[in-house]
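Please look through the sequence and the 3D structure below. A short briefing comes after them.

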Amino acid sequence: MNAVLRRILPVMLLGVLVYGVFVIYTGYHAISESLVHFNWWTFALALGLACVNYAFRFCKWQFYLRVLEIRGIAVLDSLLIFLSGFVLTITPGKVGEVFKSAVMQRTHSVPAERTAPIVVAERLTDLIAIVILIVCTSSTLSDGLLWPALGSVAIACGFVVIYWRAPAEWLFRREGPKLSKIMPKLRKAYEQLQVLSSPSRLLLPVFLSVLAWAAEGLALHTLLMGFDQSATVPQALFFYSTATLAGALIPIPGGLGITETLMREQLVRVANVALGAATASMLLVRFATLWWAVLVGFAALALLRLRFGELSRGDVLPAPPAPTP
């Protein structure tokens, strides 16, 4: 666990710096005045909606495990392993969640190359779902097509990488002392990714992802209600989805700075939310989604360490496996 802390500590410090800049730019008094009249029960509800997001995404994780015929793992163990990946959710594009594959390998002897493609499939279906949410909520908003267009390009690139076998086969034919050990695992991971991304297996995961990310968009709307702001549900879903998509497409840990800026600017310029309330809502929704997930991940990892002695021998858990091609 100490090794994990060392990985995320720089990002946590970056987060403190970014949020400090927002507070200084907005003005401490404007934010504090907004918080004085804030209904804190809405923050508790936002945390609950974030947990609803995790529940739908866990259903997707279970679906993928069944597709890959990975059996014999208790639901509680699977849930803790899934949540443990959240400790590295602040990596760019959340690719650090492949950490849960290393945890599963240590606890249940499932080779990491079998489950690592699930993380890629998760990100792909999340991206599709967020684009769907943006398109469905952008009809009454100006400039609502830029981010879904960029997201669609990213989705298309993902499918090209998955289904165009020629570049992958060229890579698998590379030779060398070290490559001879890695390439069979990469080939296996690539084949598993193709299985997970077949058209017949996209519908349910995308549907679950739409529900999951809509729940976190509703968390933003709930917080705005706590500040007595009048932004509509479609607006909140649009603001949250576009900010999340921007943070995912730009390779910055956790989308820090990008997600926050875009979300706050949209709240102020489009929904006419007061600057202090907009900044406070943005900070609270990031605590309720991004940083709450990290805390949940550490709690799950701690429970796994108690449940499995293998995770207690030494401070360093297995390093995340190499990303699939």
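The points below go from the overall fold to the core, the charged pairs and the surface.

This is a predicted model, in which local features need pLDDT of at least 70, side-chain atom pairs count only at pLDDT 80 or more, and totals for chains, interfaces and linings use all residues. Residues are numbered from 1 along each chain as its sequence is written, and side-chain values use heavy atoms, with hydrogens and water left out.

**Overall fold**

- The chain has 13 helices and 0 strands. Helices (H or I, at least four residues) and strands (E, at least two) are DSSP runs, numbered from the N terminus.
- The chain has 325 residues, and 52% of them count as buried. Buried means under 20% relative accessible area, exposed means over 50%, and partly exposed lies in between (1.4 Å probe, protein chains only).
- Contact means heavy atoms within 4.5 Å. Among contacts between residues at least 6 apart in sequence, 78% join residues at least 24 apart.

**The nonpolar core**

- In soluble globular proteins, nonpolar side chains tend to be buried together.
- A nonpolar core is a set of buried Ala, Val, Leu, Ile, Met, Phe, Trp, Tyr and Cys residues joined through side-chain atoms within 4.5 Å.
- The largest such core here has 88 residues. Trp 61, Leu 220 and Met 263 have the most contacts inside it.
- Helix α13 (residues 275–307) gives the most to this core, with 17 residues.
- Which residues does Leu 220 contact, leaving aside its neighbours within four places in sequence? They are Ala 236, Phe 239, Tyr 240, Met 263, Ser 281 and Val 285.

**Salt bridges**

- The structure holds 10 salt bridges. A salt bridge is a side-chain nitrogen of Lys or Arg within 4 Å of a carboxyl oxygen of Asp or Glu.
- Arg 123 pairs with Asp 126, with the closest N and O atoms 2.8 Å apart. The two residues are 3 apart in helix α6 (residues 112–137), so about one helical turn separates them. Both Arg 123 and Asp 126 are buried.
- Glu 260 and Arg 286 also meet in a salt bridge, at 2.8 Å from N to O. Glu 260 lies in helix α12 and Arg 286 in helix α13, so the pair ties together parts that are 26 residues apart in sequence.
- Glu 260 is buried at 0% relative accessible area. Arg 286 is buried at 8%.
- Lys 100 bridges to Glu 97, with the closest N and O atoms 3.7 Å apart. Lys 100 is buried at 0% relative accessibility, and Glu 97 is buried at 0%.
- A network of salt bridges links Arg 57, Lys 60, Glu 97, Lys 100, Glu 122, Arg 123 and Asp 126.

**Surface and cysteines**

- The accessible surface comes to about 14600 Å², and 69% of it belongs to carbon and sulfur atoms. Accessible areas come from the Shrake-Rupley method with a 1.4 Å probe; for residues, only the protein chains shown count as cover.
- Leu 146, Leu 150, Leu 249 and Ile 250 make a nonpolar surface patch of about 300 Å². Patches are made of residues with over 30% relative accessible area and no salt bridge; like charges are joined within 9 Å, nonpolar side chains (Val, Leu, Ile, Met, Phe, Trp, Tyr) within 5 Å.
- Ile 250 is in the loop between α11 (233–249) and α12 (258–269). Ile 250 is partly exposed, at 30% relative accessible area.
- How many disulfides are there? The count comes to 0, where a disulfide is a pair of cysteine sulfur atoms within 2.5 Å.
- Cys 59 is partly exposed at 39% relative accessibility. Cys 157 is partly exposed at 46%.
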